[in-house]
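Me: I'm new to reading protein models. Could you walk me through a helix and some strands?

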Amino acid sequence: EMSVIGQAYQKWQQTRFPLPSEETVSSLESRIGVTFPEDYRRFLLEYNGGFFTEPQIVPPPGDDCPIDRLTYLCGIGASHRSAELATPSWLSLFDDNDPPQVIPIGYTIMGNCLLLVTHPEGRGNIVLSRASLERSNFLANGIEESFTLLREPQED
């Protein structure tokens, strides 16, 4: 049976970045001073981000998180510089983020960031950070769970 991530890629993937080697992932981790959560590391090795046909991200209930749409997930060796995982310009968006406590791993149609929490508290959580950087909303406990939030966009 295909994983939630596999199904989402089959349905909404537009461009997929080439898969990195184990060595490439480890080298990125040591360069930025972070060990990725196991599920996210596996995601990079098996899928490595890419551009999507903008499926809807339906946040968990009870929060005032906006409904948004996924444009891309960052990868290693991405086809576009903006989608490169852990570029210094991405990481420096956040003050005091060295070593990174959060890593931008994706971008939405409304200009929001998807962040992977690498801080021991909340490690592996995926949050949506508003473009203004003033607020962020919890989305999922791990990369796989974040894919369960994707839906076909609803027409207004």
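Me: Which residues of helix H2 (residues 22-32) are buried?

Reply: Buried means under 20% relative accessible area, exposed over 50%, and partly exposed in between, with a 1.4 Å probe and protein chains only. Helices (H or I, at least four residues) and strands (E, at least two) are DSSP runs, numbered from the N terminus. In H2, that gives Val25, Leu28, Glu29 and Ile32 as buried. This is a predicted model, where local features need pLDDT of at least 70, side-chain atom pairs count only at pLDDT 80 or more, and totals for chains, interfaces and linings use all residues. Residues are numbered from 1 along each chain as its sequence is written, and side-chain values use heavy atoms, leaving out hydrogens and water.

Me: Now the strands: why is E4 (residues 68-73) largely enclosed?

Reply: Because five of its six residues are buried, the rest of the structure largely encloses E4.

Me: Which way does strand E5 (residues 102-108) pair with E4, parallel or antiparallel?

Reply: Two strands pair if DSSP finds at least two bridges between them. E4 and E5 have three, in the antiparallel sense, and Tyr72 has Tyr107 in E5 as its bridge partner. Strand E2 (residues 50-52) also runs antiparallel to E4, joined by two bridges; there, Gly50 partners Leu73.
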